[in-house]
Amino acid sequence: MKILVLNGPNLNMLGIREPEVYGKSTYKDLCALILAHAEKKQVEVEIYQSNHEGDLVDKIQQAYSVFDGIVINPAAYTHTSVALLDALKAVAIKAVEVHISDVSKRESFRQISYVREYCEKTICGKGFGGYLEAIDYLIGE
Ligand code: DQA
């Protein structure tokens, strides 16, 4: 089982950006948490972050026939990107959408998610734990 964890724009700024919304832990902390969980669950995980929509599309395309599952936090591209939705549909890999904050309780422009149409599950507002829950879902736990 190989899982790709994809993170969109500004998530590399975790710990610095809006700590009242996203917490004080850093992106490095998030990666360490995910990798420790993957090791515990005996699952291979690759983590990738980009601030560029096209890079994320490329990474999803490259996942075709390589990865068995995708955990995606598209960050701001959640609310704008048909390209990410189309890329997920193209590769047809089982995917889970994750948001650190509870987007359902935030601004109206965050209520739209294009990738949600494809993803089997959405996990919001559970902090970094949402990524671990998404991995567990993909491995059938
Ligand atoms: C986010 C929520 C998005 O609305 C925002 O643009 C982000 C992070 C989250 O993880 O809560 O960058 O995806």
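A salt bridge is a side-chain nitrogen of Lys or Arg within 4 Å of a carboxyl oxygen of Asp or Glu. By this criterion the structure holds eleven salt bridges. The views below show a predicted model, in which local features need pLDDT of at least 70 and side-chain atom pairs count only at pLDDT 80 or more, while totals for chains, interfaces and linings use all residues. Residues are numbered from 1 along each chain as its sequence is written, and side-chain values use heavy atoms, with hydrogens and water left out.

**View A. Salt bridge between Glu44 and Lys2.** The closest N and O atoms of Glu44 and Lys2 are 3.8 Å apart. Because Glu44 belongs to strand β2 and Lys2 to strand β1, the pair ties together parts that are 42 residues apart in sequence. Strands (E, at least two residues) and helices (H or I, at least four) are DSSP runs, numbered from the N terminus. Lys2 is partly exposed, at 25% relative accessible area; buried means under 20%, exposed over 50%, and partly exposed in between (1.4 Å probe, protein chains only).

**View B. Buried residues of helix α3.** In α3 (residues 53-62), Leu56, Val57, Lys59 and Ile60 are buried. These residues lie on the same side of α3, because they cover an arc of only 160° around the axis; the arc is that of the directions from the helix axis to the C-beta atoms. They pack against β1 (2-7), β2 (44-49), β3 (69-73) and α4 (82-91), where contact means heavy atoms within 4.5 Å.

**View C. Pairing of strands β3 and β4.** The two strands pair in the parallel sense over four bridges; pairing requires that DSSP finds at least two bridges between strands. Ile70 has Ala95 in β4 as its bridge partner. Five of the six residues of β4 (residues 94-99) are buried, leaving the strand mostly covered.

**View D. Salt bridge between Lys126 and Glu133.** Here the closest N and O atoms are 3.0 Å apart. Lys126 is partly exposed, with a relative accessible area of 47%, and Glu133 is likewise partly exposed, at 30%. Salt bridges that share partners also join Lys41, Asp136 and Glu141 into one network.

**View E. Salt bridge between Glu107 and Arg106.** The side chains meet at 3.8 Å, N to O. Glu107 is partly exposed, with a relative accessible area of 32%, and Arg106 is partly exposed at 21%.
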